[in-house]
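Please examine the sequence and the three-dimensional structure shown below before reading on. The notes that follow are arranged by topic.

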Amino acid sequence: MTDELVPKDLQKQYTKEEILDIEKEHLAPAVAHYYQDPVLFVNGEGATLEDSSGKRYIDLFAGICTTITGYNHPKYVATIKWQAERLVYTSSLYATVPYAVLAKRLARIAPSGLSQSFIVNSGSEANEAAIFAARKYTGNPYIVTCSRAYHGRTALARELSSAGWRTVPEGHPPGVRFTSYGYCYRCHFGKEYPECDFECARYLREVIRTQTNNAIAAFIAEPIQGVGGIIQPPSDYFRIVHEIVKEYGGLYISDEVQTGFGRTGSKWWGIQHAGVDPDFITLAKGFGSGVPIGGFITSPEIVRDYAMIDGFATFGGNPLSCAAAVAVIEIIEESNYLEKAAKLGNAFKQKLEALEEDHKLVGEVRGQGMMIGIELVRDKVTKEPAVQEMAQVMELTRARGLLVGKGGLDGNVVRLQPPLELTSEQIDESCAILDDIISEIEKKM
Ligand SMILES: Cc1ncc(COP(=O)(O)O)c(C=O)c1O
C-alpha cells in the first residue's frame, strides 16, 4: 500500500544490496551488522520479523532486548499514531500530558519509595543522569561498578563498563572503581557456591576501603548482566553488596535497562527478586519497546536539589516517546506479561537445560524469565570459550530463521531476550532448531 504523503524514497522497494551500498558509502563503520550476509528487515509482527526476500524469523533477541511488546501490538501502534496526530514534540520547558501521565504510572510500578522520574532518550543517558544526581546528593565523587558490566556508550557510561566494551584510549576518569560481580560459573576467587561465602560480594568493602575516601556516591549493577553474558549472581550477592553500600553512605543504582518491565518474570524489576530496595532504577530498551526513551526513578529526597541546570534534555520527556511508554506499561498489565514471562521463561529454560545435558558445547544455561543465556565452551572441564562455534551458531540460526544475540566478554554466550509476545509454539520450534544446530557444530569439533 502506498501513501501519497510519505516520501517516495521511503516507499521504494530497495534491494538489500542497494541498501548495504548506501550504508557503506554514507554510514560510519560503527554501524555494523550481525551476519556475514546481513539481513534487511522490512516488517514485524508479534515476535517475528520478515526480511526483504519475504523470509520470516522468530526473534529471540528483540532488536537488543528492546521490543518487549513485539512489533505491531495494536495498542502500541494506535497510541503512537494518536499522539503523532496531536503533538509529536515540545520540550519539557512546557508541561505535556504524556510526560505527566507516564511519571504517575512509573511511580505506581516502581519499587517502594521511588516516586520521582527523570526522562531522557537512552540507557546511557539514564545512567549518566542517575550518577550525576547521586554525586550531587552525596557530595562524593566515587562510583563503584562491576567486572564484566556494560552500562552504555556515553563518556561516563563507557567508563562504568568493563574492558572489552570501554574502548577508551586513556585510563579511568577520577572516581570510577571496579568490584567483582557474582559469576559463579567462572568465579574470580576460584571458589564454589555456596561454600564461597560470597567473597565476590564482600570484596566491595576492600575496594571502598582501599580505593576511595572511605565513602562512595553510588554502586551500580544490573540484576542480571545482559551484554556481559546473562550472568545472574545468587540473590544474596545483592543483599550483601547493598548492606556494604549503605555502610559507606552510598546509593544503590539498579540498572534495569535490560531487566526492567517484567522481563525477568513475576516482578516489574529484576532487583526485586533479590529483596533489595534500590535508591535508583535506570530504564531504557523495553521502556519504549522501540521508541527512544530512557530515564531513572528515585525518591523525592534524593533529587531534592537536582535542578534544571543539572539535567535538562531537549528530547527528554517528549510526548511521542512518553505516550508510547504509557502504552507499553498498559500492555504489560493487560496482557499479564509478568506472569507470562515467568511461566514461559521457566518452560523455555527447562527445555534449554536439556541441551546442557545432551551437548558438550553447552557449558551452562542460566537466567530468569525471558532473559536466558547459553554459555558455549569447547570443553566442559577447561571451560575454554567456544568463540568460533558461537560464530557458527549465529550464521546457522539465521539460516534457519531464528534470531539470537551474542554476549559475554569473549562473545561465547547465546543471548535469548525475546519480545514477551513470544508463544510457547515458537519456544518449542526455537529449541528444536538450537538442538539441531548445536549437534551439527559438535559433529565438526
Ligand atoms: C544494562 C545496560 N545499561 C545501559 C545501556 C545503554 O543503553 P543505550 O544503548 O540505550 O544507551 C545498555 C545497552 O545495551 C545496557 O545493556
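This briefing describes the domains, the core, the ligand surroundings, selected strands and a few individual residues.

The structure is a predicted model. The domain assignment of the chain gives two parts: domain 1, covering 8–69 + 336–443, and domain 2, covering 76–334. A nonpolar core of 121 residues, the largest in the model, draws at least three residues from each of these domains.

**Domains and their contact**

- The centres of domain 1 and domain 2, taken over C-alpha atoms, are separated by 25 Å.
- Where the domains touch, domain 1 contributes 30 residues and domain 2 contributes 31 residues.
- On the side of domain 1 that touches domain 2, at least two residues come from each of helix H12 (337–358), strand E11 (362–368), strand E12 (371–376) and strand E15 (413–416).
- Helix H12 supplies the largest share of that side of domain 1, with 6 residues.
- By class, the side of domain 1 that touches domain 2 consists of 12 nonpolar, 12 polar and 6 charged residues.

**The largest nonpolar core**

- Within the largest nonpolar core, the residues with the most contacts are Ile143, Ala218, Phe219 and Val328.
- Helix H11 (residues 319–334) gives the most to this core, namely 10 residues.
- Apart from its neighbours within four places in sequence, Ala218 is in contact with Ile131, Ala134, Ile143, Gly250, Leu251 and Ile253.

**Surroundings of the ligand**

- There are 17 residues around the ligand, and those that come nearest are Ser122, Gly123, Ser124, Gly152 and Val257.
- Helix H6 (residues 123–138) provides the largest share of this shell, with 3 residues.
- The shell around the ligand comprises 5 nonpolar, 9 polar and 3 charged residues.

- Why is strand E10 described as largely enclosed by the rest of the structure? The reason is that 5 of the 5 residues of strand E10 (residues 294–298) are buried.
- Gly294, Phe296 and Thr298 point one way from strand E10, whereas Gly295 and Ile297 point the other way, and all of them are buried.
- Strand E4 (residues 116–120) runs antiparallel to strand E10 and is joined to it by 5 bridges; in this pairing, Gln116 stands opposite Thr298.
- Strand E9 (residues 280–283) is also antiparallel to strand E10, with 4 bridges between them, and Leu283 stands opposite Gly295.

**An open sheet of four strands**

- An open sheet is formed by 4 strands in the order E1-E2-E3-E13, and its pairing is mixed.
- The edge strands, each of which pairs on one side only, are strand E1 (41–45) and strand E13 (402–403).
- Strand E1 and strand E2 (residues 48–51) run antiparallel and are joined by 4 bridges.
- The bridge partner of Phe41 in strand E2 is Asp51.

- Is Pro319 buried or partly exposed? Pro319 has 19 C-beta neighbours inside 10 Å and therefore counts as partly exposed, since a buried residue needs 20 or more.
- Pro319 and Ser91 are 228 residues apart in sequence, while their C-alpha atoms are 8.7 Å apart in space.
- Leaving aside neighbours within four places in sequence, the contacts of Pro319 are Gln83, Leu87, Val88, Tyr89, Thr90, Thr96 and Pro98.

- Most residues other than glycine have a negative phi, and most peptide bonds are trans.
- The peptide bond between Tyr193 and Pro194 is cis, with omega of about 5°.
- Pro194 is found in the loop between strand E6 (176–179) and helix H8 (199–211).
- Phe198 lies in the loop between E6 and H8 and has a positive phi of about 55°, although it is not a glycine.
- Phe198 is partly exposed because 19 other C-beta atoms lie within 10 Å.
- Cys65 lies in helix H3 (residues 62–65); Cys65 is not a glycine, yet its phi is positive, at about 55°.
- Cys65 counts as buried because it has 25 C-beta neighbours inside 10 Å.

Technical notes: Residues are numbered from 1 along each chain as its sequence is written. This is a predicted model: local features need pLDDT of at least 70, side-chain atom pairs count only at pLDDT 80 or more; totals for chains, interfaces and linings use all residues. A nonpolar core is a set of buried Ala, Val, Leu, Ile, Met, Phe, Trp, Tyr and Cys residues joined through C-beta atoms within 7 Å. A residue is buried if 20 or more other C-beta atoms lie within 10 Å of its own, exposed if 12 or fewer, and partly exposed in between; C-beta atoms are placed from the backbone. Domain bounds come from an automatic or database domain assignment. Two residues are in contact if their C-beta atoms, placed from the backbone, lie within 7 Å. A residue is near a molecule or strand if its C-beta atom, placed from the backbone, lies within 6 Å of it. Ala, Val, Leu, Ile, Met, Phe, Trp, Tyr, Cys and Pro count as nonpolar, Asp, Glu, Lys and Arg as charged, and the others, Gly among them, as polar. Two strands pair if DSSP finds at least two bridges between them.
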